[in-house]
Structures are given as C-alpha cells and as structure tokens.
Amino acid sequence: MNAPIDRAAALAGIGQPRLRKEDARFVQGKGRYVDDIKLPGMVHMDIVRSPLAHARIKRIDKSAALAVPGVIAVLTAEDLKPLKLHWMPTLAGDVQAVLADGKVHFQMQEVAVVIAEDRYSAADGVEAVAVEYEELPVLVDALKALEPDAPVLREDLAGKTEGAHGRRLHPNHIFTWEAGDQAAADAAFEAAPVRVEEALFYPRVHPCPLETCGCVAAFDPVRGELTTYMTSQAPHVVRTVVSMLSGLPESKVRIVSPDIGGGFGNKVGVYPGYVCAIVASIVLGRPVKWIEDRIENLSSTAFARDYHMKGELAATADGRITGLRVHVVADHGAFDAMASPSKYPAGLFHVCSGAYDIPAAYARVDGVYTNKAPGGVAYRCSFRVTEAVYLIERLIDVLAQKLNIDKAEIRMRNFIRKEQFPYRSAFGLEYDSGDYAAALRKVLDAVVYPALRAEQAAKRADPASPSLMGIGLTTFTEVVGAGPTTSCDILGVGMFDSCEIRVHPTGSAIARMGTISQGQGHQTTYAQIVATELGIPSEEVQVEEGDTSTAPYGLGTYGSRSTPVGGAAVAMAARKIHAKAKKIAAHLLEVSEADLEWELDRFKVRGDPGRSKTMKDIAWAAYHEPPPGLEPGLEAVHYYDPPNFTFPFGAYLCVVDITKATGEVQVRRFYALDDCGTRINPMIIEGQIHGGLTEGFAVAMGQKLDFDAQGNILGNTLLDYFLPTAVETPRWETDYTVTPSPHHPLGAKGVAESPHVGSIPCFSSAVADAFAHLGVTHLEMPHTAYRVWQTCRELKLAA
Amino acid sequence: MIPPAFDYHAPTSVGEAIGLLARLGGDARVLAGGHSLLPMMKLRFAQPGHLVDLNRISALRGIREEGGVIRIGAMTTEHELIAFRLLQEKLPLLPEAARQIGDPQVRNRGTLGGDLAHGDPANDHPAIAIALDATFVLEGPKGPRTVKAEDFFLGLYLTALAEDEILTEIRAAPFAPGTGWAYDKLKRKTGDWATAAAAVVLRLEAGKVAYARIALTNVAATALRAVDAEQALLGRPLDEAAIRDAMARARAICDPAEDLRGDAAYKTAMAGEMLRRALGHAAERCR
Ligand SMILES: Cc1cc2nc3c(=O)[nH]c(=O)nc-3n(C[C@H](O)[C@H](O)[C@H](O)COP(=O)(O)OP(=O)(O)OC[C@H]3O[C@@H](n4cnc5c(N)ncnc54)[C@H](O)[C@@H]3O)c2cc1C
C-alpha cells in the first residue's frame, strides 16, 4: 500500500495546482467551436441591420435580394408574424423585436435575415435588401429619457403603466427598484456632521468575448426534433425558452454548447439571430448557420453597465460612515433584455454598502429606454456588482479626501469586523464570512505602503517633475453564486444547479453538470472535487457539460455561480455515492459501517489497518456483487439549492505614473489579494485572476461604447475597442487569504469575477489619486491618455 | 465582413501586371499585403471588380545597395525591413518604424509599397520616406518615372500614382556617419495607428544642428514635412529653447481630423510632444 502522501498526490484533488485538462486541445487548435460545426445541407444566414438609431420602416423590398444567385429566402417581421415570433420575451420581463416591426429602435437593429446557400451569397443578399426609413428624433442621453418632451421609443407599450417590476412613470421608464430604508438613511444624513457626494458614470462597455455569438440550428423534419449548437452560457434555460417559443415539446429540443471562446455575460441571453436561424431551419428543413462578425457583436448583442450613479455618504468627523444614499439612472437600451435573476431588475446592486459597516442605507435605480442596443449583462461579474463596488469604493475615497484621512485608514475604521459575521447589511444581504482588515493589512505590508506615500509626497513637492504618481486602493466584497431559489429564478426556473456522477465498474467516473465552461477550466476543477470526495484520481474523472440531452438541468455559468452552486452540487452528489460506497465496503469487509473510516481513496476498518477496500474495489462490487437489498450501480444526481449567496472579497492596490505632457498612464504596480474561501485549484485561480485583472484594466483604461447625437455607435471594432494584449497588460502580483464560506459544502466562494469587480475602481482610485493634491476627487473612465491629458491641461500641468 | 465577388489575377512580371492594369482600367486594384485593401473590401468600402496580385513578382522584392543608393522593392514586407542587416546598418530609421507598425501578422504580410501607395496619412511609412528624402519609382505603360517622397502624397488616399502605374521601388541614400534618427509614435495600444508621430533625421556638428529633417504622421490629410521646424533648429544647439521653437512650428502646420484618438488640440499637442521625444532620441544617436 502506497503511503497516504503519494496517494493524495495521485488523486490530484482539492488544493492541487493541476494543469488544465482543456488546454491541450485549445493550444493545438483542436477545440470545437460553433463555427467549426458543418452539417450536411447546411445553409447560411446573414442579417440586414438598421443604419439608423430611430426610424420608421416605410417599406422593405426583398426582390433584388431574392434575385441574387444562391439566396434562398429573406425573412422580415411580416414573415414571423403568423408564427407570433416577430417579438420575443426577454429575461427581464420585457419583449424585444426579433426583427424590427415597423420601427427600428437602435443602430444595427435586426431588420431582416437572408438565408443563402453559402456565406458569400448571404452577404450579397443583405446588401441587396432595400429598406426605406423615415427618421425619428433620437434619444441618446439616458438622463433626458424621462423629460416630458423626450422622444417616445416604445410605441408597442403605449398605455402600459405597469411593467414587469411595477409602475412605469413615463413612456421611456422601465422600472423603479428600491432597497434599504429611505427614512433611516435620510435621518442619518440629517444628523451627520460630514457629507460627501459624487456623480459617477459607469460607461457602456461590452464583454467582447474572442468568439462572437452564433449558432447552427438543425431541425429534423422527419423526427420532428430540433438540435441547436449555440454559444450559450445557459443551454438548459435556452432549451426551455425555445420550447416555449416554438411549441415543440422540450423533449424534442436539444441545445448543445460546444467549446465556447469566452462569454463574460455576453452569451447568457437569447438573441434575434438565434430565433431567426431556428425559424429558418424549421421552415426550410435544413441546418442554418449564423455567426456574428465583430462589429455585430459589439453593436447589437448584450452590452454591460451604462449606469449613471449619484452616491452620497454621511459620516462622523473621524470618518465613520453613518449613511449611504444612491440614485441610479440605468440605461437599458431599447428593450429591457438585462440578464439577471427575474426578481432583481437591478441585479445585486444592493451590495453597494460594500465591505463597510454602514447602519443606514437606501438605493434607488430607475431603468430607462434609449435608442441603443439592449443588454445590461453581468460582464465578468455578478449582476450589477461591478457597478455597486465601483460606487462605494469611489465614494469612500472621496470621503477620505474630504476628511484628510488616509484611504487605507478610513477603510480600517469602517470595515465589518471579522466577529460580526454572518453580517446582515442595511440592504438585507447576509454576508457569509470575511476578514477584510487582515486582507488589507497584508497588502499594505507587502507593498510597504508608507514608503509609497512618501515617494508620492516628494514627487508632489517637485513642480518640475514630468510625471504624477497615484496610489489606488480597493477593499471590496462581492456577492456571487446566485442563488437561493426562494429569491432567485430566471423566467420562473429556480437558480439551483446540478451534477450527476456515474462511477463505472472499473472505478473511473463521469460527472455531468448543468453549468458550462467558457474558459473557466471546469473539466479540471470539478474532477478535483470528485477526486477528493470519492478517492478517484481526477485524471480518471471525465467532466461533461453543455449538451442538454445528457447533462442534468442547470442554470448555467455566469455570475461566478459555477463553484458556489455547481461545485457544491458535485460535492453533494459525490457524498451520496460515498454513503452508498460505505454500505458496500461494510458488506465486503463484513463489519458495520460504524467500524469504517475513510482515508483518501478507501475505507479502512478502524483498529485493523490491514483491512480496507478502495473505491475501485467498491465500484466493481457495486456492479458485480451488490449487498443484498441494495440496488446495483454507483451513481447519484444532486440538485443543489444554495442556502445563501457567497461573498468573496479582496484588497487591491495599484500604483500609476502619469506623464503630464501626454496623459499616458503607466501601471507601475498592481497587487491583488483575493479571498475566495477554499481554493480548489490554485493555478486556475491565479489564471482567472490574471484574466479578470486584465479585463478590469481594459474597462478602466479604454473600453467604452460611445454614441454620437444621432445614435451612431462609435468604436465598435477592435481598432478602437480596447482589448489589451501582452504588450500593454501590466504585471500582476497576486496574493490570498482563506476565509471559507460557512454554508458551502466545500467552503468555496467563487473567484473569477472578483479581479474584474475589484480592479476597476482601483485603477480609477489610482488615477484620481494622482491629481488628489490638486483638488480632484473623481475622474470618469476610461482613463485614456487623451482624457487624462485633458485633465492635465485643465489643471495647467500640460501645455 | 464579406467582400462582393471579384476576379483575381496573378501576374509574374511587372510588365504583365501593368498590362493587366491598362486593360482592366479603373475597376482593377493592385493587391500587395492586403492589410489595408482587404479590410476595406470586407467592409464594402472598396469594391474592385479585379485584383491584380503582385505577390508572385519576385523582381519587386528585396533590398540592395547599388551606386551608393539603397533600393528596396515595393513588395518587401515590414518583417523583412526589420530583419535585413543592411537597413539596420545604413538606414536604421526604416526598421525602427516598421517595428511600430501593426502587429506580427500585419508585419508579415504588409509591404512597404502598399503602406506608401495606400495614401493613408495614418500610415507610418509616408513620414519615414519624407524624413529619408526617399525617391519612388513608378512604372506604367510608358515606362518608369521617379517621384520624390515629398511630392508623392497629394491628399487623403490620393497619391501621384496613375491608375495604370505600379510603385516598384523605393530609393534612399544611406545615412552619413554621425547621423541620428528616431521615430516616436504615440498610440493607444499595440496594433494601432498613430495618434501622432514624428520622424527625425539629425546631424550635429560642434554641438550645433547641421542637418535636420522632420516629418509628422497622422496630423493632416497627408504626412507632413515640418520645414519650418527644421529651419528653427539649423545652426543652433539642441537646447530647450530650440526644441520648444521647433515644437511650436511643427504644431503650427498640423491640421488633424478628430476621431476617437483625440480632438485636433490633443493630436496637435501630441505631434509636438512626439517631436520632442524624437529629437531627444535622435540626438542621443548622433555619434
Ligand atoms: C490591424 C492593423 C494595424 C495596422 N497598423 C498600422 C500601423 O500602425 N502603421 C501603418 O503604417 N500601417 C498599419 N496597418 C496597415 C498595414 O501596414 C498595411 O499593410 C499597409 O497599409 C498596406 O500595405 P499592403 O502591402 O498590405 O497593401 P494592400 O492592402 O494590398 O494595398 C493597399 C493599397 O495600395 C495599393 N498598392 C499596394 N501595393 C502597390 C504597389 N506596389 N503599387 C501601386 N499600388 C499598390 C493597393 O492597390 C491598395 O489600394 C495596419 C493594418 C492592420 C490590419
């Protein structure tokens, strides 16, 4: 018998930096993405899009397009009407035009689709479709949406004063959402000796996954079955939606998410392109492929953020926060297609009291329509958590500045203390666990914070210095792992997740999940959980996701829910198998279960170390000689309904150097400490943190989808939209503490989104800090050289 | 992102290519590296009926020194400009600029001739060619003719090339000993065109500027030679006052178009800043 230490290494279970199993195929170009799928008889779809942001459609002439060789069909809203598919429900309780029905509401909106024998003819067909428009006044500025004379966008909602989330106050108003206690917050402000407020705009950005969205819809007219390969982060939910929309029984709909080249929230929703491809396939009886190009992806499929926030803090003279008030105008675009648990129109924005013990708080979010693409997804974050963290982290900096208290010190004074957990926030969230002060202290020590401040003071004292130095800090908590089915559902389906494990006779196993990896490394980490729970080497555990015909129903992967919910389901399913295995072991060893103890991969008879049965032995016996009265086989399925969210947290510090003459911002140092509870695979965690920090850097420094006054989208190609490469990405220093979640079976909290959520305000904090001695409290993102130079010029630092 | 249909021709000699252009007329476009032309075709901004691919014409490739002049075939790629020892020794400004163009994919296919012939003021080679005082050889049905770089760029996407002409060669004199050079380019990210950039060729004698040639990228409808800025430096030590003078004169000729990189004020200011950097770097190399 090998020593336990060798056996543990052989298992490569929880805590091991196991190499990612999926990389071999990706780095060799052997992945299988949707666009790699080619089916016999497949035809191609391309989309006619609106050049205008707001216009009435006077006429659509298909004739020239139909005359293009290779073009098979051109579909418009008129063609979808008999099927009642010209509009579709959104995840947020609104409806969205599948193809523009008499009117376009944003530039690049889907107006018609062309189906052709090949991709080239489809594109020629698109150019040949003649659409006559009559321009309408355009609403671009969300802050003007509710003005009395604002152009009215949604004529289809005329007279509807009740929306999915209560009263609508204006034809362009979608919802009002409130949290906290307004009276208590107002009282705190009245009593407070110190108040600060800041207007913060979190610009519209886009998750921009490397692989754009697309699908291959294949309806088999003989069997009456629809298989759709799709870049979906939530294939099971899509199956339910497709069944509801198409009238096909759910058993005849199969959605397959093959390898996905990044999602980041962009691939949660159901897009018009999917619906049109499915309709076309059903009508033609042929497989239909639709793949977006980059411009289409950036312009029409789901964006993120676009929150106009006004935040206020009330505090004592020594910087203790006594109250928080927030008002947000949320720009949801032309249709409310935000992806979020249905009961949360502003997602989990109420985590905006952050890591701080704030006794009174009130937040209100008003969602409005504008002539922009729909969306509002969680871009590498839990629902609206990035916005919330940005708000509180910027505000606490502003308060520190006003009171002339150091940024680190004011955080220390306000942290929820370790012994206060579980902690109920003024917004009613129950934070599971945390030790914020220890995390911050560790970061400050690691970077020798006082030395950085001294260096900065010296630089500020020298007016001849060509550069400025800024130090940014964030100490954030997330709320992830949606979520408890009592409060979290999508279109009525509770946000549990699932795992089915089958242990084969020879002792290897397959685990199938309701989640779906888009780069997170599920194949690797889930197998490690099985390894630790069941004593089966992770190398021998196959993990499969994404095919609704084989995987158990789950809500998918976004909002850092895979480990908190799916990972818990793996552990719980494994524990069911473990319990049965124990019965079998007791039978084989002819002892009672109470006499057995588990060691890594085997049950041993207590006090008789020579006698044991490995999981391999037990698996064989389960199929070969099950104990009397026990059914054969060794498998289990578990649907895990989390009792609460999990609350990963971190402390980040950033040092920037800014060239006054050009506005260039150089990130000199970025130190990220994350606490995601139990760490399943430290290497994957580090990779996720590097990726999240890099995307955070992208958002803070350059990603913004802008619009001109006519509603033309600007910067919707990778020429302008900032995707950092290895050249401009800073070097990341990572660190960690471990504060397990008390309610998660493994103590794990989820990690991949923390670095995105936490880093963005940290960059802003650093850039604003560089100018703080000149009275600057806040600067809007993105911190491009051009924008920073404008600040330098206003402050007479640049010519 | 799918171009309309076109016919494709692959001549193997310059004569054959010119013959095709003459025959096909305005509906034909020459294809070099394709890294400017193909994106425009995919966006359907350009819809030529015929592409005449120069990639099989070996006479258009290569770099050699002949009669004291460096001659570079128009189809030489950016990657080759960087890798070629002769240029590193005798015209190091060219590889320095090529290194700052696009990304490895672009540099592996994009050509010097295509970068110039495209007539895009955002491209880097026009300013470099002006700073090098290069001469271009254009060949058409009536035979070859030469045009100075300074006279080649006529406007936005507009050059001295006639419809049936091909740019075949770029000629420049090797740097005299003691010449300093620099190309400083401000860009938002790797792979981007310049927000503004400045090319400088400089010689100092007894601590004073004896020769200066300055050209600017992407701050007007064409690359600009900053003659006034050059004049401001001649005969003076390269001190702060001289540099400021040159910067101001360079800024004075800028007339950039606003885009997401910045407004006219920013780009103009950055042209000045890049000139300051380039002068500094060039001066360091003057030995
Ligand atoms: C992502 C990206 C980033 C880029 N960044 C930069 C950059 O930073 N700086 C920069 O300078 N460029 C940049 N470019 C452009 C790139 O350098 C192109 O390669 C170059 O502009 C055109 O050269 P080409 O050989 O690809 O020509 P093509 O695209 O094939 O042709 C361009 C035009 O020139 C004409 N043409 C080509 N060769 C000749 C010839 N010998 N005679 C007559 N006409 C000819 C063609 O007909 C066409 O009109 C970038 C391109 C991309 C895609």
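1. The shell around the ligand takes at least three residues from domain 1 (7-52) of chain B and at least three from domain 2 (63-172) of chain B. The domain bounds come from an automatic or database domain assignment. This is a predicted model, in which local features need pLDDT of at least 70, side-chain atom pairs count only at pLDDT 80 or more, and totals for chains, interfaces and linings use all residues. Residues are numbered from 1 along each chain as its sequence is written, chains are lettered from A and ligands numbered from 1 in the order in which they are written, and side-chain values use heavy atoms, with hydrogens and water left out.

2. Confidence. The model has ipTM 0.96 and pTM 0.97. Chain B averages pLDDT 97, and 100% of its residues reach 70 or more. (pLDDT is the predictor's confidence in each residue, from 0 to 100.)

3. Make-up of the shell. There are 30 residues around the ligand; a residue is near if one of its heavy atoms lies within 4 Å. Val30(B), Gly33(B), Gly34(B), Ser36(B) and Thr111(B) come nearest. By class, 13 are nonpolar, twelve polar and five charged. Here Ala, Val, Leu, Ile, Met, Phe, Trp, Tyr, Cys and Pro count as nonpolar, Asp, Glu, Lys and Arg as charged, and the others, Gly among them, as polar. Three elements of chain B, namely β2 (28-31), α7 (112-117) and β10 (166-172), each give at least two residues to this shell. Helices (H or I, at least four residues) and strands (E, at least two) are DSSP runs, numbered from the N terminus.

4. Polar contacts of the ligand. The cut-off is a pair of N or O atoms within 3.5 Å; within protein, one must be able to donate a hydrogen and the other to accept it, and residues adjacent in sequence count only if both atoms are side-chain atoms. A polar backbone atom of Gly34(B) sits 2.7 Å from a ligand oxygen. His35(B) also uses its backbone: an N or O atom there is 2.8 Å from an oxygen of the ligand. Trp193(B) uses its side chain, with a polar atom 3.4 Å from a ligand nitrogen. The protein buries 92% of the 960 Å² that the ligand exposes when taken alone. Areas come from the Shrake-Rupley method with a 1.4 Å probe; for residues, only the protein chains shown count as cover.

5. Open sheet in chain B. Four strands run in the order β11-β12-β13-β14, with antiparallel pairing. Two strands pair if DSSP finds at least two bridges between them. The edges are β11 (180-186) and β14 (224-225), each pairing on one side only. Two bridges link β13 (residues 208-217) of chain B to β14(B). Leu216(B) has Leu224(B) as its bridge partner.

6. Hairpin in chain B. Strands β4 (residues 63-66) and β5 (residues 69-73) pair antiparallel over four bridges. Glu66(B) is bridged to Val69(B) in β5(B). Two residues lie between the strands, and Gly67(B) has a positive phi near 60°.

7. Strand β2 of chain A. Which strands pair with β2(A)? One is β6 (residues 103-104) of chain A, which meets β2 (residues 55-61) antiparallel over two bridges. Ala55(A) is there partnered by Val104(A). Another is β8 (residues 130-135) of chain A, antiparallel and joined by six bridges. Asp61(A) stands opposite Ala130(A) in β8(A).

8. Backbone geometry to check in chain A. The bond from Phe421(A) to Pro422(A) is cis, omega near -10°. Pro422(A) is in the loop between α11 (407-414) and β21 (423-424). The bond from Ala482(A) to Gly483(A) is also cis, with omega near -25°. Gly483(A) belongs to the loop between β23 (467-477) and β24 (489-490). Leu491(A), a residue other than glycine, has a positive phi near 50°. Its loop lies between β24 and β25 (493-494) of chain A.
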